[in-house]
Amino acid sequence: MITTPPWRKDDILIDGYSRFKTEAVNNLNKLTSKIDAELWLISGRRKRNTLEEFNVFFKSRNIEKELSGMVPVYFEYIPRIEEFKSFIEIESIKNYLLIDD
């Protein structure tokens, strides 16, 4: 959702997170309007903010569908693939999209 080249200054909004690329937001909104799936956050950023805060961030960036949840955070480091495996074992969700940066 953010494609700022490393040599260009990122456009940071008042909440401390980057502005999302309009085309990416439009594509996500189009996708979520056509499929019946929950949105779940797996980004490492989920360790810093609550689900409610992320839904506010997403809404302020014109993302229409709210996040349903966040993949659990573990106290010890485990690889992202292991987080994903635990998520699909624990949650009984048939259709989902994982959001990662």
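Strand 1 (residues 38–41) pairs with strand 2 (residues 67–70) in the parallel sense, over 3 bridges. Within this pairing, Leu39 faces Leu67 of strand 2. The model is predicted.

What order do the elements of the protein chain follow from the N terminus on? They run α-β-α-β-α-β. The count is 3 helices and 3 strands.

The elements named above are listed here.

| Element | Residues |
|---|---|
| Strand 1 | residues 38–41 |
| Strand 2 | residues 67–70 |

Now the chain as a whole. The C-alpha trace spans about 40 × 35 × 25 Å along its principal axes. The protein chain has 101 residues, and 30% of them count as buried. Its accessible surface comes to about 7200 Å². Carbon and sulfur atoms hold 53% of that surface.

Contacts come next. Take those in the protein chain with a separation of 6 or more: 66% of them are accounted for by residues 24 or more positions apart.

How many positive and negative side chains does the protein chain have? There are 16 positive and 17 negative side chains. The centres of the two sets lie 6 Å apart.

Terms used:
Residues numbered from 1 in each chain as written. Predicted model: local features only at pLDDT ≥ 70, side-chain atom pairs only at ≥ 80, totals over all residues. Heavy atoms only, no water. Pairing = 2+ DSSP bridges. Helix = DSSP H or I, 4+ residues; strand = E, 2+ residues; numbered from the N terminus. Buried < 20%, exposed > 50% of the residue type's maximum accessible area, 1.4 Å probe, protein only. Contact = heavy atoms within 4.5 Å. Areas by Shrake-Rupley, 256 points an atom, 1.4 Å probe, with all protein chains shown as cover. Lys, Arg positive; Asp, Glu negative; His and termini not counted. Charge placed at Lys NZ, Arg CZ, Asp CG, Glu CD.
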